[in-house]
Structure formats: structure tokens, C-alpha cells
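Subject: Structure handover

Hello,

Here is the structure I promised to pass on. Please open it beside this message and follow along.

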Amino acid sequence: MVKSTFEAGTPGPPSDPARRSPSAPADAARLPGKRVVRARGVAPVLPLRDLTAAAPVPAAPSPGVEPAAATVPGKALGSSTPPSAGPGERGDVRTSGAEQAAPTSPTSPTAPAARPSGTIPASLAIGEAEGVGPTGRPRPELPTPAPLDRHGPARILAMCNQKGGVGKTTSTINLGAALAEAGRTVLLVDFDPQGALSVGLGVNPLQLEQTVYNLLMERGITVQDVLLKTDVPGLDLLPSNIDLSAAEVQLVNEVAREQTLQRVLAPVLDDYDVILIDCQPSLGLLTVNALTAAHGVIIPLECEFFALRGVALLIQTIEKVRERLNPHLELEGILATMYDSRTLHGREVLARVVEAFGDKVFHTVINRTIRFPETTVAGEPITTYAPSSHGAHAYRELAKEVLAR
Ligand code: ADP
Ligand code: MG
């Protein structure tokens, strides 16, 4: 059984756990739950990997790269907020028509040099043609989600990839927040003992009295006992901390060990429209529990060279769970994350992903931007931290896609 290790870039416990959020959501009539204990002011070390260094692009900025001055306006935060991306911040990548222009590098797809089998679709090679998205397919017109007059039963989606640092937690928080913004009631389940989902929503994992661990392991504990309401109306959280790592060992001796999460979530299915489970980076018993409880799996894939490594094993695991434990389980979609359209490398990897998974790849692609690490520090989703940013827009589009699938 592989135990997850603490990922580089995941912030440690917050320094000021007693701070509470000033705003209170107007969803008090919903499930009883405690308020999230805010944990702003976390001082993390969040290094971004130098994607561009690995990519065959010219040293000078690509012709279409948006100048840093055009930084997306974000909500001003207090002094505890780290400085946002400055001019030339390499992580702050946004997409625009011009940004997709082909690089002038001699290794550009138009160069005669022999290219390995995964050739780039024409639309990717020359930039996004009108109506064609970054995945090289025509971008569908997605309907704005219609308001609901009642909620549930929940569709459960597991955010799963045994590779760490690919955007599972970031996508869980922001897809959840975008779905809540679209009027859906959403429950996020932190199913990673690292508790990054909880931290990302402003919770100090060290201060939790009850967590998902208690829910799984102790009889008589209900979802309501563990539930926290976030600052986003309609978005609830089942938080976790390192205690959950013990569950992986202790569950082994339980009857119907793989169905434990499914069993404890069953009583609240009618209260939510969507339940998102943020899996840990392993294919151990906790992840199998998530896959057994879920109707669908979303696989976040970093647009990076090694992204596809290990995905075959993940797909095999999904198939095994479908055969043996959960016949309803489907591969909901592959979400390309940390995409850098400026680099040939990024476009090439995305082309490979589309080649391998076809229509399973979401049309929405999440760009690499410093805004996401910033939101973790702020302890809130990008949809509230920088509501008009490209990242917020992307997760709203993803929410529409998920609701349309
Ligand atoms: P996982 O849950 O798969 O381990 P995370 O969502 O925690 O991955 O992301 C790992 C790190 O990468 C975090 O520091 C996060 O802020 C950062 N990150 C996630 N998505 C992006 C993105 N699109 N652009 C830049 N950084 C990102
Ligand atoms: Mg994570």
C-alpha cells in the first residue's frame, strides 16, 4: 500500500487558525454544519515548475503572449495576501486568440524536422482557429445551467490520479465552487490525509475535532457531525487531516471495506446535486472507496511530459472497480491542467492526450497560472478570489461541461 507523501507546494498548517471569515453565506437553512474556521495568512512555499525550460521555445517571449500589464483584476486582499504575479510572471498564462500564435522556434510544428508519432492537430499547430478550442476540436456552445427548484440526488464524482501535483485538489475546489455558483448544492469530500482541500478552503486541519476519518471509522458519527459550511453559498466540506491515513490501514479489517465511503454518504445524497471526492495520490484502499462510491471519475492530467505515465494503471483500476464493486462507474472525463499554450511542449502533450482519449477530454483546459497557488494561500476558490480571471472562467466552463455530460 502506497502512502502519500506531503507534496511540495502544499502549504503547511496555517499560522492564524483562529481567524474567521467576515462573510457568512445565506445557506443556513440547509444541512446543519459548523462554519469553516478560516486560515488565511498561510505562508507557504509554492514553487511552480519551470515548464518553459523543458520546452523547445525561443528564449524571447512568444509573439502572442499577453503582456503582464494585462493582469486579470482580482479581489484585493489584506496584508496577509502574498503579492500577485508581477510582470513577466511565467506562471501567469492566459489564453487569447493571439496567445495561441505559433512560436517562431525552428522546432515549431511547421518545421521539417521529424516529429514523433503524436503529431499536433493542425488547429493546435497554427493556433486556435475560430470555434476550435485548445484541444483541437470544435468548441461546443454550452448552455447556461438552468436553475433548479429542488436538489439531489447527488451525482458523485471522484477526482482521481495517483500522480501528485496534477491539479486534483485545485480542480475539486474550483469546480465545486463553480457548480455552487451555478445554483447546485455541492459537497466536497477531502479524501486525502494531507488535507489540502481543507486548507484550500481556509480550514486548519490541525484544529478539526471530527473529520472524514471519524465518519468512516466510528459508528454513530454522521455527515452532519463532520460537515463544515464554506463561505461559498451551497458549497459544503467534509474536511480531513492526517488522521485519515490511519483509516487506510484500519479499513482493511472492516466488513465491506471498499463500500465504507459509499455507506456513510448515502444519507445525504438527496441534499446535494454534486458530490466531489478529492482523492489522495495513490490507488490504495481510500481511492478504491472513492471509486466505489462514485458515479464518475474525472482525471486531472497535467500537460507535462510524464502526464500519461501511470494513466493506464489508473484506467485499469477504474475498470476493475467497475467489474467487481461498482458497475455504474464511468470515466467522466480527462481534464487537462496546467496548460501553457506558449510552449510547443504544452501543445504537444495536450495533442497526445486528445489522441489517446478523444472525446473523453473536456473541451475546457485549465491554463497554468500563478493565480491558483494564490487562491490556496487565500483559502478560497478562484471564482471568489479573482472572479473575472481566466482561471475562474475556465472552471465555470468546466462546470457547464460537467452538467451537460
Ligand atoms: P494535486 O491535488 O493533484 O496534488 P494540486 O491541486 O494540489 O494537485 O496542485 C498542486 C500545486 O499546483 C498547488 O500548489 C496548486 O496551487 C498548483 N496548481 C494547481 N493548478 C494549477 C494551475 N492551473 N496553474 C498553476 N498552478 C497550479
Ligand atoms: Mg491534492
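Below are my notes, going from the whole chain down to single residues.

**Overall**

Please keep in mind that this is a predicted model. The protein has 405 residues, and 49% of them count as buried. It has 14 helices and 8 strands.

**The core**

The largest nonpolar core holds 93 residues. Which of them touch the most other members? They are Ile277, Ala290 and Ala336. Leaving out residues up to four places away in sequence, Ala290 touches Ala158, Cys160, Phe191, Leu261, Ile277 and Cys279. So two of the names above, Ala290 and Ile277, touch each other.

**Strand S3**

Next, look at strand S3, residues 186–191. Of its 6 residues, 6 are buried, so the strand is largely enclosed by the rest of the structure. Both faces are covered. One side carries Val186, Leu188 and Asp190. The other carries Leu187, Val189 and Phe191.

S3 has strand partners. It runs parallel to S5 (residues 235–238), joined by 4 bridges. There, Val186 has Leu235 as its bridge partner. S3 also runs parallel to S6 (residues 274–279), with 6 bridges between them. In that pairing, Asp190 stands opposite Asp278.

**Helices H3 and H14**

Two packed helices are described by the angle between their axes and the distance between the axes. For H3 (residues 168–181) and H14 (residues 390–404), the angle is about 70 degrees and the axes are 8 Å apart. That makes H3 roughly perpendicular to H14. H3 contributes Asn174, Leu175, Ala178, Leu179 and Glu181 to the contact. H14 contributes Tyr395, Arg396, Leu398, Ala399 and Val402. By class, this contact has 7 nonpolar, 1 polar and 2 charged residues.

Is Tyr395 buried or exposed? It is buried, because 27 other C-beta atoms lie within 10 Å, and the cut-off for buried is 20 or more. Tyr395 touches Asn174, Leu175 and Ala178, plus Ile382 and Thr383, not counting residues up to four places away in sequence. Tyr395 and Leu179 are 216 residues apart along the chain, yet their C-alpha atoms are separated by 8.8 Å.

**Backbone details to check**

- Pro153 lies in the loop between helix H2 (122–125) and strand S2 (155–159).
- Ala256: phi is positive, about 50 degrees, although the residue is not a glycine. Ala256 is in the loop between helix H7 (244–250) and helix H8 (260–265). It counts as exposed, because it has 11 C-beta neighbours inside 10 Å.
- Met338: phi is near 55 degrees, again a positive value in a residue other than glycine. Met338 is in the loop between strand S8 (330–337) and helix H11 (344–357). It counts as buried, because it has 27 C-beta neighbours inside 10 Å.

So Ala256 is exposed, whereas Met338 is buried.

Best wishes

Terms used: Residues numbered from 1 in each chain as written. Chains lettered and ligands numbered in written order. Predicted model: local features only at pLDDT ≥ 70, side-chain atom pairs only at ≥ 80, totals over all residues. Core = buried A, V, L, I, M, F, W, Y, C linked by C-beta atoms within 7 Å. Buried ≥ 20, exposed ≤ 12 C-beta atoms within 10 Å, placed from the backbone. Contact = placed C-beta atoms within 7 Å. Helix = DSSP H or I, 4+ residues; strand = E, 2+ residues; numbered from the N terminus. Axes fitted to C-alpha atoms, helices over the stretch in contact; angles between N-to-C directions. Parallel < 35°, antiparallel > 145°, perpendicular 65-115°, else oblique. Nonpolar A, V, L, I, M, F, W, Y, C, P; charged D, E, K, R; others polar. Pairing = 2+ DSSP bridges.
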